[in-house]
Amino acid sequence: MQAKKLKCKIAGIGAWGSYFDSWQALQQLLGGEPLPDTKNKGPKPTIIPANERRRAPLPVRLAVESSWQATQSAGLAPDTLTCVFASGLGDTELTDYMCRTLASEQKELSPTKFHNSVHNAPAGYWTISTGTMSAANSVAGYEESVSLTLVEALIQCVTEHKPMLVTFYDAPVADVLKPILSNQETFAFSLVILPVDANIDGVEVTAEITPAEQPAWPALQSSSEYIASMYADNPSAKILCLAELIATSNGNKSVTMPLSQGTSVSFTRS
Amino acid sequence: MKIDIIDYETCSAAGLNLKALRTSLKHHDSGLIKNNLPGSDLDTWIGLVEQVSNVNDLGRWQSRNNALAALGYEQGTIRQTVAGLISKYGAARVGLVMGSSTSSIDRTETAYTQLDESGNLTEQFKQPFVHNPHAPSLFMAHLTGITGPSLTINTACSSSAKVFATGARWLETGIVDAVLVGGVDTLCLSVLHGFNSLQLLSPNPCKPFDQHRDGINLGEASGFAVLQRTGENSNSSGISLTGYGESSDAYHMSHPHPEGLGARLSMTQALEQANREAADIDYINLHGTSSRANDLIEGQLISELFPDTTQCSSTKAWMGHTLGAAGITEAIIAMDTLHTNIIPGSKNLETLDEALSLSIKASDEHKVCQHVMTNSFGFGGNNCTLLFSRSE
Amino acid sequence: MATQTESELKMAQLMVEALNLEDMEADEIDPEEQLFGDGLGLDSIDALEISLAISKEYGVQIKAEDEGTREAFATLRSLTAFVENKK
């Protein structure tokens with residue numbers, strides 16, 4: 001069977017990192033603006049009820065903040081969206097806490113930290129905070145997290161004809177795991193993806209999966225060292241190659257990402 | 001939706017493979033034992049797969065989780081089936097979707113007990129492909145030679161139920177011609193002490209839906225199934241995935257919705273997708289963890305939604321709650337009733353919870369089923385229901 | 001607000017720390033206010049978290065299923081008295 005072309009519409013974007021707190025601010029950095037003098041504190045998304053927020057670890061707050069921004073910019077109620085959350089590394093601070101505690105004499109774990117340690121914690125907090133009862137997926141694809149998750153979300157959008165929220169987030173890695181998982185940057189990015197016939201304005205994108213031998217990530221147009229470092233080490237920041245495609249309507253029309261050992265996926269703007 | 005199940009295999013404390021599981025189910029032999037996991041003195045019962053410790057030649061891939069995945073993949077004909085599909089369609093036209101909650105955190109735990117004097121990872125544990133949530137798929141792609149898309153779903157205890165939904169969608173769009181879906185989770189200190197911190201572990205063999213149930217037993221398992229579009233493979237098992245439902249509770253991270261609203265949605269969606277009525281369902285393999293909350297809420301919901309003719313059971317007293325592997329383990333038990341024509345009883349059930357009135361009993365029932373379902377509910381209020389039917 | 005005793009203040013400090021209660025000082029917790037539901041708004045996972053902190057600090061084990069646990073967790077006052085009795 002021939003693979004269907006996966007066509008959709010990007011109708012909302014959210015972004016959060018140490019030096020940007022919105023998609024607009026990130027676009028300025030991509031466009032060559034200098035970094036602000038100070039790092040952002042937070043985020044502290046107020047959409048999470050206070051009672052849940054006090055328990056929410058950084059990756060959850062990152063994911064929820066950027067998801068909220070994307071739904072706001074699309075002008076859609078969050079609870080109408082089916083969601084997919086992706087992180088290449090998960091919450092390594094909680095992994096570190098659990099493994100450190102379990103290697104000690106006193107092995108009692110905090111029940112709150114334990115339930116937060118599931119990879120789908122951001123999906124859980126998001127659905128609780130917004131009253132979303134639709135499907136919430138939580139996936140991982142290591143260095144290909146971004147391409148695999150985009151394909152997963154587009155497929156769900158096309159086959160089930162559902163409006164989707166897709167969020168990527170990765171936080172700095174705990175010290176012990178740094179030698180093998182090097183990321184030290186904070187990054188979250190969200191897209192609201194709609195079926196192509198949706199009655200809302202958006203950037204139309206078509207994805208096509210093709211065979212490829214050992215595909216590699218493309219170079220970014222941005223010359224910022226900060227952006228380059230995130231793109232290299234933070235699995236979620238791999239979305240920046242698509243972000244550049246969306247941000248510049250007069251630049252490249254297409255970007256190709258590695259999807260697996262034997263396939264790549266191209267995204268083309270129409 | 002028309003998806004055929006070409007082959008399936010399961011490995012748990014109740015049987016190293018599907019054949020052994022059928023025997024354990026038939027004789028009501030439980031695989032649960034008193035907790036003897038090294039480093040853990042918790043008073044509970046576990047479903048341990050003893051043979052896992054013999055798989056220690058995985059080199060840079062070594063972890064208990066990967067060992068259990070490798071052990072499961074050697075069972076039955078699953079390896080031959082996948083190899084045949086790779087040679088027929090090409091490795092890049094076969095997809096892989098694994099579900100897990102622990103991924104390989106067992107290995108990270110061990111690494112932390114052997115840090116060097118400066119608190120750094122020692123050489124043998126510098127395994128980037130193991131210490132990350134995608135580890136199960138990275139390893140299985142390596143083991144199988146699949147080079148098509150491979151994704152790991154980590155939605156706690158619904159993980160390896162959701163792999164069927166994702167695999168079905170991939171096939172529907174034609175991005176692959178076959179998908180290997182799987183689930184794997186292993187016993188480790190994180191889950192034992194984690195569930196202990198929630199005061200959910202039972203010091204006794206678990207008794208799902210019983211009036212006197214007092215908590216869950218944890219277990220470990222791996223399981224696999226091969227999916228293809230209907231009619232594209234004449235060697236199908238005769239079983240089809242005809243519906244799935246996926247939903248969220250939007251209620252609490254570690255407590256089910258009191259009225260089971262999310263679970264209701266996932267069950268009704270699965271029925272709608274399969275174009276079936278509740279009365280068409282012959283058997284439901286329940287999530288049935290044996291916790292006070294889950295069994296009460298799930299049980300009440302079932303009696304609201306399904307007639308008495310729908311027989312139900314929880315099979316967790318055979319191998320424990322295998323967390324991220326529970327979805328596929330129980331999907332296989334449910335679909336295999338279409339092959340064995342035996343609905344397994346709800347083992348260890350003596351006195352049904354007096355607040356419940358669903359069709360559930362400890363003894364087996366011989367019945368030629370047409371449609372069966374299975375429920376999987378996870379932390380974060382993450383629900384998945386699968387519906388399997390005899391192929392037309 | 002009713003006045004906190006010294007041991008109640010200590011218990012309140014343990015709670016604020018264990019639960020990461022935002023924007024709340026230990027001496028602001030009314031010892032007679034309901035901890036769950038409409039009062040402070042705590043839930044079952046908070047009760048488990050407090051139980052763990054109490055077991056570490058006072059060596060007193062509290063099981064969610066035990067009789068008396070629900071009453072103990074009614075207010076800061078009842079919880080402090082429960083732990084004092086068991087020590």
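**Entry 1. A hairpin in chain B**

I began with the hairpin of β14(B) and β15(B), where three residues lie between the strands and Gly380(B) takes a positive phi near 80°. The model I am reading is a predicted one. I then looked up the pairing of the two strands: β14(B), residues 371-378, runs antiparallel to β15(B), and eight bridges join them. As one example, I noted that His371(B) has Ser389(B) in β15(B) as its bridge partner.

**Entry 2. The other neighbour of β15(B)**

I next turned to strand β9 of chain B, residues 239-248, which pairs with β15(B) in the antiparallel sense over nine bridges. Here I found Ile239(B) opposite Arg390(B) of β15(B).

Why is β15(B) largely enclosed by the rest of the structure? I counted the buried residues of this strand, residues 382-390, and eight of the nine are buried, so the strand is largely enclosed. I took buried to mean under 20% relative accessible area.

**Entry 3. Chain B against chain A**

I looked up the contact between these two chains and found 65 residues of chain B touching 61 residues of chain A. About 5,200 Å² is buried between chain B and chain A, with 68% of it on carbon and sulfur atoms. Within chain B, Tyr112(B), Thr173(B) and Met253(B) lose the most area to chain A, and together they account for 15% of what that side buries.

How many salt bridges are there between chain B and chain A? I recorded two salt bridges. A salt bridge links the side chains of Glu160(A) and Arg169(B), at 2.8 Å from N to O. I also recorded 18 residue pairs in polar contact between chain B and chain A, both residues at pLDDT 80 or more.

I then asked which elements of chain B give two or more residues to the side that touches chain A. They are α4 (105-113), β5 (150-153), α6 (159-173), α7 (189-197), β9 and α8 (261-274) of chain B. By class, that side of chain B divides into 27 nonpolar, 28 polar and 10 charged residues.

**Entry 4. Strands paired across the two chains**

I followed β5(B) across to chain A. Strand β3 of chain A, residues 136-140, and β5(B) pair in the antiparallel sense over two bridges. Val139(A) has Ile153(B) in β5(B) as its bridge partner.

**Entry 5. Helix α4 of chain A**

I examined helix α4(A), residues 92-102, and found eight of its 11 residues buried, so this helix is largely enclosed by the rest of the structure. I listed the buried residues as Thr92(A), Leu94(A), Thr95(A), Asp96(A), Met98(A), Cys99(A), Thr101(A) and Leu102(A).

What do the buried residues of α4(A) pack against? They pack against α5 (111-116) of chain A, together with α4 and α7 of chain B. At the start of α4(A), I noted that a side-chain oxygen of Asp91(A) reaches to within 3.2 Å of the backbone nitrogen of Glu93(A).

**Entry 6. Chain B against chain C**

Lastly, I looked up the contact of chain B with chain C, to which chain B gives six residues and chain C seven residues. These chains bury about 520 Å² between them, 51% of it on carbon and sulfur atoms. Leu198(B), Gln199(B) and His252(B) supply 73% of the area that chain B buries against chain C, more than any other three residues.

I found zero salt bridges between chain B and chain C, and three residue pairs in polar contact, both residues at pLDDT 80 or more. The side of chain B that touches chain C has one nonpolar, four polar and one charged residues.

Conventions: Residues numbered from 1 in each chain as written. Chains lettered and ligands numbered in written order. Predicted model: local features only at pLDDT ≥ 70, side-chain atom pairs only at ≥ 80, totals over all residues. Heavy atoms only, no water. Buried < 20%, exposed > 50% of the residue type's maximum accessible area, 1.4 Å probe, protein only. Helix = DSSP H or I, 4+ residues; strand = E, 2+ residues; numbered from the N terminus. Pairing = 2+ DSSP bridges. Contact = heavy atoms within 4.5 Å. Buried area = accessible area lost by both parts, 1.4 Å probe. Salt bridge = Lys/Arg side-chain N within 4 Å of Asp/Glu carboxyl O. Polar contact = N/O pair within 3.5 Å; in protein donor to acceptor, adjacent residues only side chain to side chain. Nonpolar A, V, L, I, M, F, W, Y, C, P; charged D, E, K, R; others polar.
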